[in-house]
Amino acid sequence: MSVQGIIRTSQYLTFKLDNEIYAMDITTVREVLDIIPITKVPQMPDFMCGVINLRGGVVPVVDLRLKFGLKKATSLKETCIVIIEVILDDEQTILGILVDSVLEVISLDPEQIDPPPRIGTRLKTEFIRGMGKKDTEFIIILETTKVFSAQELAIVQAADDMPVPETSEGANAEEEKNE
Amino acid sequence: MNESNRFIEEFCHEAEELLSGVEDAVLDIEENPGDQEAVNRLFRAMHTIKGSGSMFGFDAIAEFSHHVETAMDKVRNGTVPVTKTLIDLILVSRDRITAMLAEANGDGPPADPREGEKIIASLKALLSSHGAAAPDENPPKETPEQASEPAKPVQQNQAVYRIRFSPDPDIFFTGMDPVILLYDLADMGECSVVAQTEKVPDLENLSPESCYLFWDIILTTAKRINAVKDVFVFVEDKCKIDIKTVEEEVITSEQMPGPRLGDILVERGDIDRKTLDKQFGTRKKIGERLVESGALSKEKIKSALNEQTVVSKMHKSAAASTVRVPSDRLDKLINLVGELVINQARLTQVASNREDTDLGESVEEIERLTGELRDSVLNIRMMPIGTTFNKFRRLVRDLSSQLNKEIELVTHGAETELDKTVLERLDDPLIHLIRNSLDHGVEPPGLRELKGKPAKGTIILSARHKGTNVVITIQDDGAGLNVDTIRQKAVEKGLIPENAELSDKKIFAQIFAPGFSTAKEVTSISGRGVGMDVVKRTIESLRGRIDIDSVPGEGTKITLILPLTLAIINGLLVSIDDDFFVLPLMSVEECVEIKSKEIEMINGRNILNVRGDMVPYIRLRDRFHMGNRRPEKEHIVITDVNDSRIGFVVDHVIGGHQTVIKPLGPAFKNIKDISGATILGDGTVALILDTNVLLESA
């Protein structure tokens, strides 16, 4: 069984996230970077971990673990930032993706890819383009346009949802909200 | 194919420019029918459009402009008077040519040929009715004006005069100071003076009371030769004065190269042709050769060189003095310079860490150069706002006659320069504001007279620089905003509570709410209530702000404050923990150090006592939920935003920073407090705070 829309053998970049293998169409990937300091941007949901300086440009970085509801990584030893190109609001945008480790580039034929299962994954079905098989392992091929749509990314955490620091400053924060 | 496309594009650009010139000229003529210069301008523009039109195969345009040109020729000769009908016809013709151009360019609907014929027919009718046979139809007041016209010098044509002024050695005894005369000349135009010292004797023979100097002057001026001669009228008898016209600017002489230095010297009689020819054996510049061989003094050559420069400059300015560059190339250049600035900052930081004076010196030099480079690159994008202002003259003219109002548009500061991107996006908001002033602001003439105001309303559009900002005001002398009506409407729409006590300014601000309109009926011009909110949003997206002032019965004044450029701002770099933030330096008033304890004492109120003034503050650490590791001493940056003082508490104030603004992109579009990011010298990213938004939420 094959997936509609996948008719050609394509190359995919595979990476690991919490012991599972994911893949992205290689044509969306620009480069892979080692982890570098990330500047946090306030008032953004946790999975938007901030911005980095990519050769003079400011590039937002998404922590894919947090985006997919996993726990924050404990070790950053092999953590990489995958730089991809997506269309946000009709605008070509460069985005960094924080992943546990980058594995390899593989080729998959259309018949090696199955449609996404309706149940059994923690991801929204629309996030998955298909399930690839390599040897005995499953590879979750991501639909980057859906995962990284403007709607999915541009959610600003309302100030009220923020944890209020439980200190003497609590009063201050309260005050701020009330005003 | 591509090549010819490029020519067509070029032609369209040129024609567009000429057409906007046409509009200006027409409106000038309407204001002042005797303005021969504007008539000439108009004629020339039409002539050029006709010429290049037929050259590039736009025969329809060429033919059409021919008729307009004929009409202008008649006006120029004085056979046809300037009337409202004529002005209207020319404006319609101009629009017609614009439409034809758009069609030729492929981005407009095909222009209806019948419409063109109609315009030509009415032009012809107008011309024949004012033919030379019927001069008595001219309004009588026009005739004397036209008669006096030819005597007036043509203002635009500039001439270069060469003057050799050799005063009498005893000139000081007459009480005349030759320097004063030189100043007089300098006032007339561009003037370069070289003093000739060859007659100065040795010190022992020198009499301090005599004048040994004589001067060579090259004067570029629009004044006539008689006016130049008048300067010397009191010293004429005693001094040798030689005035010659070197060059009169002729529009057609664009391609002629400047005269050669040798020719100038021979013409002046400083040297004869033989001596000159002898020098051509050697290979140096003729000037140097002549000096070396002792044939001429250095000063003489210098003055001749001056003349050469001035004359060639004139040739150059007559030819194209501008280069058209696609704006994306400019954008790329600006981006590159932005990166260069960032890297240079990094280099400076690295150099300051090593105590190497050689390195330090060259880095300093690079710092200076990058600064200059940055300024001049940003300058390329700067455009005078006048072009935008001129568009509004037509708008005001057309709309006021449509509304049966008499309104004059006065503009100030048309030369004020602004970044091109800012300027382009300013068009729509300004049009909207001016329309509002025309429609809602200025009352009909009858009503105005009842109120004791002049029947003719005035809209003043002005622009000026203020620090790193540009302030644009639109002021009318109309009815002003009605506080009560706005208030009522705002309450109706649920924008403000009914019993709210608000200042007039706050109430005026309600008109920026979406869908707000107090106009009782919707006209084609305004009143639909879309617009003011769009105006506000556009101005804010340009990092600007908008203010309203209004006095009932006296008028409304809308002030737009905009940054000069969107690319670089002066910022104040601050830090909280390891994160860096930039505050726009423009709004910063002072930085004060506060101890944690002081804050503790007034905790819960978020107000700080700064030398007796109560200043509300926002602790950015809390606002951005950045944990609680506050240092012993914090700093408060006090800013003046929209006329209210507010402090921002940060850990450290690092200092001024030339901030190259990088947009955060669509992923962060919902973030309000941050307006962008920048990259610091060491490569880390700092966020730029939007003080306006922070203030509103405080």
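How many bridges join strand E8 of chain B to strand E9 of chain B, and in which sense do the two run? Eight bridges join them, and the strands run antiparallel. E8(B) covers residues 457–466, and E9(B) covers residues 469–476. The model is predicted.

E8(B) and E9(B) belong to an open sheet of five strands in chain B. The strand order is E6-E8-E9-E11-E10. The pairing is mixed. Strand E6 (407–412) and strand E10 (545–551) of chain B stand at the edges. Each has a single partner strand, so one side of each is left without a neighbour in the sheet. Neighbouring strands of this sheet are turned by 15° against each other on average, direction ignored.

Helix H15 of chain B, residues 386–402, packs on this sheet. H15(B) touches E6 and E8 of chain B. The direction of H15(B) makes about 170° with that of E6(B).

In the antiparallel pair of E8(B) and E9(B), Lys466(B) stands opposite Asn469(B). Leu461(B) has Ile474(B) in E9(B) as its bridge partner. On the other pairing of E8(B), the sense is parallel: E6(B) and E8(B) pair over six bridges. There, Val410(B) stands opposite Ile460(B) in E8(B).

A further helix lies across another part of the sheet. Helix H20 of chain B, residues 532–541, lies across E10 and strand E11 (555–563) of chain B. H20(B) runs at about 135° to E10(B).

**The H13–H14 helix pair**

Two packed helices are described by the angle between their axes and the distance between the axes. Helix H13 (residues 327–353) and helix H14 (residues 357–380) of chain B pack at an angle of about 160°. Their axes are 10 Å apart. Angles over 145 degrees count as roughly antiparallel, and H13(B) and H14(B) are therefore roughly antiparallel to each other. H13(B) passes H14(B) in a left-handed crossing.

Which residues make the contact? From H13(B) come Leu330(B), Leu333(B), Ile334(B), Val337(B), Leu340(B), Val341(B), Gln344(B), Leu347(B), Thr348(B) and Ala351(B). From H14(B) come Leu359(B), Gly360(B), Val363(B), Ile366(B), Glu367(B), Thr370(B), Leu373(B), Arg374(B), Val377(B) and Ile380(B). By class, these residues divide into 14 nonpolar, four polar and two charged.

**The sheet from E14 to E15**

Chain B holds another open sheet of five strands, in the order E14-E17-E18-E16-E15. Its pairing is mixed. Which strands stand at the edges? Strand E14 (588–595) and strand E15 (607–610) of chain B do, each with a single partner strand. One side of each is therefore left without a neighbour in the sheet. The twist averages 35° from one strand to the next.

| Strand pair | Bridges | Sense |
|---|---|---|
| E14(B) and E17(B) (residues 633–641) | Seven bridges | antiparallel |
| E15(B) and E16(B) (residues 613–619) | Four bridges | antiparallel |
| E16(B) and E18(B) (residues 644–650) | Three bridges | parallel |

Val588(B) stands opposite Thr639(B) in E17(B). Asn609(B) has Met614(B) in E16(B) as its bridge partner. Arg619(B) stands opposite Val649(B) in E18(B).

E15(B) and E16(B) also form a hairpin, with two residues between them. Arg611(B) in the turn has a positive phi of about 45°.

**The chains overall**

The secondary structure of chain B comes to 23 helices and 21 strands. Chain B has 698 residues, and buried residues make up 32% of them. Take the contacts in chain B between residues at least 6 apart in sequence: 68% join residues at least 24 apart.

Chain A has four helices and eleven strands. Of its 179 residues, 31% are buried. Among contacts in chain A between residues at least 6 apart in sequence, 55% join residues at least 24 apart.

Note on methods
Residues are numbered from 1 along each chain as its sequence is written. Chains are lettered from A and ligands numbered from 1 in the order in which they are written. This is a predicted model: local features need pLDDT of at least 70, side-chain atom pairs count only at pLDDT 80 or more; totals for chains, interfaces and linings use all residues. Two strands pair if DSSP finds at least two bridges between them. Axes are lines fitted to C-alpha atoms, for helices over the stretch in contact, and angles run from 0 to 180 degrees between N-to-C directions. Two residues are in contact if their C-beta atoms, placed from the backbone, lie within 7 Å. Angles under 35 degrees count as roughly parallel, over 145 as roughly antiparallel, 65 to 115 as roughly perpendicular and the rest as oblique. A crossing is left-handed if the near helix is turned anticlockwise from the far one by less than a right angle, and right-handed if clockwise. Ala, Val, Leu, Ile, Met, Phe, Trp, Tyr, Cys and Pro count as nonpolar, Asp, Glu, Lys and Arg as charged, and the others, Gly among them, as polar. A residue is buried if 20 or more other C-beta atoms lie within 10 Å of its own, exposed if 12 or fewer, and partly exposed in between; C-beta atoms are placed from the backbone.
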